[in-house]
Amino acid sequence: MTAAAMFGYPDFFKVGISESGNHDNSIYNRWWSEKHDGVKEVEKDGKVTFEYDIEKNQDIAANLKGKLLLITGDIDNNVHPANTYRVSRR
């Protein structure tokens with residue numbers, strides 16, 4: 001949330017630390033965004049799918065104006081380091 005806040009409100013937040021962040025729900029737990037941000041159920045040809053459109057931190061990272069320390073490592077066995085790597089490449 002630190003990274004999302006700094007990317008979403010770059011004129012307000014000037015410095016932050018984000019450790020092992022869940023920056024991208026497409027490679028984390030997809031259900032997380034459905035549970036916390038809502039989901040749209042779509043039925044087509046008798047099949048039910050779910051649509052959600054939540055900004056990924058790497059997609060809005062270019063908005064950063066302050067200083068952000070990103071930390072990841074193998075101590076966290078929950079969130080894969082790829083979440084942080086995708087943000088750091090922006």
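Tyrosine 9 lies in the loop between helix H1 (2-8) and strand E1. Helices (H or I, at least four residues) and strands (E, at least two) are DSSP runs, numbered from the N terminus. At 55% relative accessibility, tyrosine 9 counts as exposed; the classes are buried for under 20% relative accessible area, exposed for over 50%, and partly exposed in between (1.4 Å probe, protein chains only). The model is predicted: local features need pLDDT of at least 70, side-chain atom pairs count only at pLDDT 80 or more, and totals for chains, interfaces and linings use all residues. Residues are numbered from 1 along each chain as its sequence is written, and side-chain values use heavy atoms, with hydrogens and water left out.

**The aromatic patch and the salt bridge**

Together with Phe12 and Phe13, Tyr9 makes a nonpolar surface patch of about 380 Å². Patches are made of residues with over 30% relative accessible area and no salt bridge, where like charges are joined within 9 Å and nonpolar side chains (Val, Leu, Ile, Met, Phe, Trp, Tyr) within 5 Å. Accessible areas come from the Shrake-Rupley method with a 1.4 Å probe, and for residues only the protein chains shown count as cover. Phenylalanine 12 is exposed, with a relative accessible area of 64%, while phenylalanine 13 is partly exposed at 32%.

The structure holds 1 aromatic pair. Its ring centres, those of phenylalanine 12 and phenylalanine 13, are 4.8 Å apart and the planes stand at 85°, so the pair is edge-to-face. Rings of Phe, Tyr and Trp (its six-membered ring) pair if their centres lie within 6.5 Å; planes under 30 degrees apart count as stacked, over 60 as edge-to-face and the rest as tilted.

The count of salt bridges comes to 1, a salt bridge being a side-chain nitrogen of Lys or Arg within 4 Å of a carboxyl oxygen of Asp or Glu. Aspartate 11 forms a salt bridge with lysine 65, and the closest N and O atoms are 2.6 Å apart. Aspartate 11 lies in the loop between H1 and E1, and lysine 65 in the loop between helix H3 (57-60) and strand E4 (67-71), so the pair ties together parts that are 54 residues apart in sequence. Both aspartate 11 and lysine 65 are exposed.

**The whole chain**

The protein has 4 helices and 4 strands, in the order α-β-α-β-β-α-β-α along the sequence. Of its 90 residues, 27% are buried. The protein exposes about 6,700 Å², of which carbon and sulfur atoms supply 49%. Among contacts (heavy atoms within 4.5 Å) with a separation of 6 or more, 63% are between residues 24 or more positions apart.

**The core**

The largest nonpolar core has 7 residues in all: Ala3, Met6, Phe7, Ile60, Ala61, Leu68 and Val87. H1 gives the largest share of this core, 3 residues. Such a core is a set of buried Ala, Val, Leu, Ile, Met, Phe, Trp, Tyr and Cys residues joined through side-chain atoms within 4.5 Å. Leaving out residues up to four places away in sequence, methionine 6 touches Phe13, Lys14, Val15, Gly16, Leu64, Gly66, Lys67 and Leu68.

Serine 20 is placed in the loop between E1 and H2. Residues up to four places away in sequence aside, serine 20 touches Ile71, Thr72, Gly73, Asp76, Val79 and Thr84. Threonine 84, in helix H4 (residues 82-88), has contacts beyond four places in sequence with Ser20, Gly21, His23, Leu70, Ile71 and Thr72.

Asparagine 25 is found in the loop between strand E1 (15-19) and helix H2 (30-37). Aspartate 76 has its place in the loop between E4 and H4; its C-alpha and that of glutamate 19, 57 residues apart along the chain, are separated by 9.3 Å.

Aspartate 45 lies in the loop between strand E2 (40-44) and strand E3 (47-51). This residue has a positive phi of about 55° although it is not a glycine.

The relative accessible areas of these residues are as follows.

| Residue | Relative accessible area | Class |
|---|---|---|
| Threonine 84 | 5% | buried |
| Asparagine 25 | 11% | buried |
| Serine 20 | 13% | buried |
| Aspartate 76 | 26% | partly exposed |
| Aspartate 45 | 74% | exposed |
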